[in-house]
Amino acid sequence: MNKKNHLSFLNIFIFISLIYLITILNMLTPKNKTISEVENRTLAQKPVFSMDSLLSGKYFRDFENFFADHFFARENLVKISKSISSLKGIKREEEVFLVDFEGQNVGGNQEQKDSKKPEVNNAEVSTKGNLLILNDTVMELYKFNEDKAKLYADMINTVSGTLGENVKVYSLLAPIQIEFLNNEKYKNLSDSQIDAIKFVNENFSDNIIPVDAYTPIKEHIDEYVYFRTDHHWTALGAYYGYTGFADAAGLEAVPLGSYKKNIAPDYLGYISTVNPSVTVNGNPDDVVYYIPPVKTDMNVFYYDKDSGEMKSYNGSVINKKYVFLDQKYGVFLGGDFALGVIKTNVKTDRKIMVIKDSYGNAFVPFLTPHYSEIYVVDPRHYKESIVDLVNENDIGEVMFLNYILTTNFDNFMDSVLNLLK
Amino acid sequence: MVFSSLVFLYLFFPINLIFYFISKNNTYRNIILLSFSLFFYAWGEPFFILALLFSGIINYSFALLIDKYKGTYKSKLFLYSAVIIDLSMIGIFKYYNFFVNNINFIFNTNIGLSSIGLPIGISFYTFQIISYVIDVYRQDVPAQKKFYKLLLYMSLYHQLIAGPIVRYIDVANEIDNRVITPNNFSYGINRFIIGLLKKVIIANTAGQVATVFLDSNLSELSVLGAWLGIIMYTIQIYFDFSGYSDMAIGLGRMFGFTYKENFNYPYIAKSVQDFWRRWHISLSSFFKDYVYIPLGGNRKSFIRNVLIVWMLTGLWHGASWNFIIWGLYYGIFLLLERKLLYRILDKIPAALSHIYLMLIVIIGWVFFYYIDITKGLKFMSILFGYGSNPLYDIKFEVEFFNNIIFLIFAAFASTPVFKGMYKKLNELIVINNYKPSKMTVIAFNALILIVSTILLVGQTYNPFLYFRF
């Protein structure tokens, strides 16, 4: 055997060994994992064989997805692949990524969620968005859309008009953190939110009371008011929003010191999964939550997936179960659901309805010292008449609490208007 | 199935190797290879395998008849029939909707569209089988008497889906007699790994960046962003396609087949003519041998022939007008070079003629990328700074710096620089008649296989955002 042959044999030996080693390791990998928590999706399952699926090619396609989703050491290899990818460029002072993503605007709740997708709802809408990842912080970007912002204001005007003058209507639009970024260069990727909030407020009829959450958040922007890995405000941010509400509603804000403070550490929020940079993943958030100083009792109403009937269970304003789950923002109210009815032991006649996206979840616990009853409505899920709800329960105040991007989702506006029938 | 997939590398391929190498009997090996090839095809297209089989039966029978009546008019008749049937097949599957859409548009009619879909690889295997019947007619090669052997040629999974367009005449011998030596197998591994590197590490990465710009809202795209996007696409398409050819050639070697080269560093060309001698060689030589020369070549109706060939070349790439424009665009440049530019190109410095060629190629990919021609023209106007798009934006800056090392690497990898460096090392470092750099190839192969596998697994990372707003 000459030298050349020698090397060829070695080359063949190493290549073939690697191929078969990985093949065998892969065969030995258990295939029973059903969910990838990191990716927030179900893994492909082994397809069921049928003649139809074979002939249409679906069987093989599904098998290929199944094979890839259950590959040997998949989650670790994914992490390594991200480190390899970071070799593509040069490190500058700031680590920056711009990511376009598609997602779905749904409310979610672990209690009703089976392992598959959250329930389909008419407000569920495929959404395109843009993220800026700056060092350890993931931020959504905002684009002002005049028509849709106008639509948002009109929607609230219509609700107020239908409910009549006896019902006070507040509107709180929560800004997102890109607005307060120090770095002008990246801040300019996003449109001005204060202008957008002003625009919406100017389009309100006289009956609507705008709530200024912007100013108190801006004053406290150096505190931990936004998550770095999630698109929500923190409970502290929500608290400053609440002080703005107290001013608008003529209430005296309860000091934060009256609340018992707790921490759920190691939280990687939803938007951190889009492009899991090493820097972001290495710096998880803490979810700080505050337990209200009053007694509360909450009933959660949801629609059964199969029968569509409305059912209920006992929830809680601070749901500690989520402290140990991945999606720790669920600690506030226990996630999103059609309707939550909170009763407190506060001696007052004041009752309020909050029509909200998930920014409302961190906020609502701070309302408990001021109201005897709080009705939390998520228009993406709720299907009944809010007019009846207001009239039957003698609710005197209604607050719209959404984050600024919701003014761009016309499906949200449609869902609210559907609740007026 | 594609070669650069986990299911190919770690299921199909290792099983295929075992079955193939447990016996040395050539008939056995042919049958195994045929079975795996048909399964490979059926993986994506279980239904369309009928089209492939039909085409095989027709051309097998007609080739026998062509051979039987050789030298008579009947032979020609059978050849024409076979080619017409082949072209009708591809016409129905690939071009029917394009044709009907145009008829409907021009005559304002309402002819229904077909929803059958396109059998994968039909453009490749149809051309292969056409070359076969023509070569039999020309008596360049005897007709294959055994159906399964012809079907093996047609369906060989190495080149079935994305080329190269292998001619029967080049593999006829190897179907019956194959010798697999360690050196050949080892060379096959080297080529396969190079292909994997090109496809998984370079093309896929470039593709991700390209879409960020090419698929973005064109009214917000910056001029430099447009350039970065189209340059990334230029990288993607070359490494994707030539990587696939490398893998095909490599697999062929491992199983005892020698396929001709399909790419030869096209981006170092210095003229359009030079480029097309280096790009997708099996396709351009097909058109040259079976269309251009029979039409009269450059002796008779030269301009007409060039335009026909290049219109067809464009159309071959896809059933829509942008591909026809892309083909004719090259046809016109070839004519210009032949009639006018050659004098200039000969005299100017090599760097300038290289820039001239790359500009043509990059602009060409704009036509190729945008099936919607108005969108392509809009993109073109951004490239050249017409309109109000900014020169520069943060998106460009971010992507540029996040990919700059990759960009430089890919640019060098499109030239023979690395190959030259390797050769130099071989010459320079010789210890006791032993070349240690050969060992680096082996380590390199293992490394690239592992990295590619990791990246392929990384690509299955597919977060779905149930956004809870």
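**Close-ups of a predicted model**

**View 1. Phe204(A) sits in the loop that links helix 7 (193-202) to strand 7 (208-211) of chain A.** Keep in mind that this is a predicted model.

View 2. For a sense of scale, take Val288(A): 84 residues separate it from Phe204(A) in sequence, and the C-alpha to C-alpha distance between the two is 34 Å.

**View 3. Chain A meets chain B through 65 residues of chain A and 50 residues of chain B.** On the chain A side, the elements that give two or more residues are helix 1 (3-28), helix 2 (51-56), helix 3 (58-69), helix 4 (74-85), strand 3 (96-105) and helix 6 (184-187). Helix 1 of chain A gives the most, with 17 residues. Sorted by class, this side of chain A has 34 nonpolar, 18 polar and 13 charged residues.

**View 4. Stepping back, chain A carries 13 helices and 15 strands.** Its C-alpha atoms fill a box of roughly 100 × 55 × 45 Å along the principal axes. Of the 421 residues in chain A, 43% are buried. Among contacts in chain A with a separation of 6 or more, 73% come from residues 24 or more positions apart.

Notes:
Residues are numbered from 1 along each chain as its sequence is written. Chains are lettered from A and ligands numbered from 1 in the order in which they are written. This is a predicted model: local features need pLDDT of at least 70, side-chain atom pairs count only at pLDDT 80 or more; totals for chains, interfaces and linings use all residues. Helices (H or I, at least four residues) and strands (E, at least two) are DSSP runs, numbered from the N terminus. Two residues are in contact if their C-beta atoms, placed from the backbone, lie within 7 Å. Ala, Val, Leu, Ile, Met, Phe, Trp, Tyr, Cys and Pro count as nonpolar, Asp, Glu, Lys and Arg as charged, and the others, Gly among them, as polar. A residue is buried if 20 or more other C-beta atoms lie within 10 Å of its own, exposed if 12 or fewer, and partly exposed in between; C-beta atoms are placed from the backbone.
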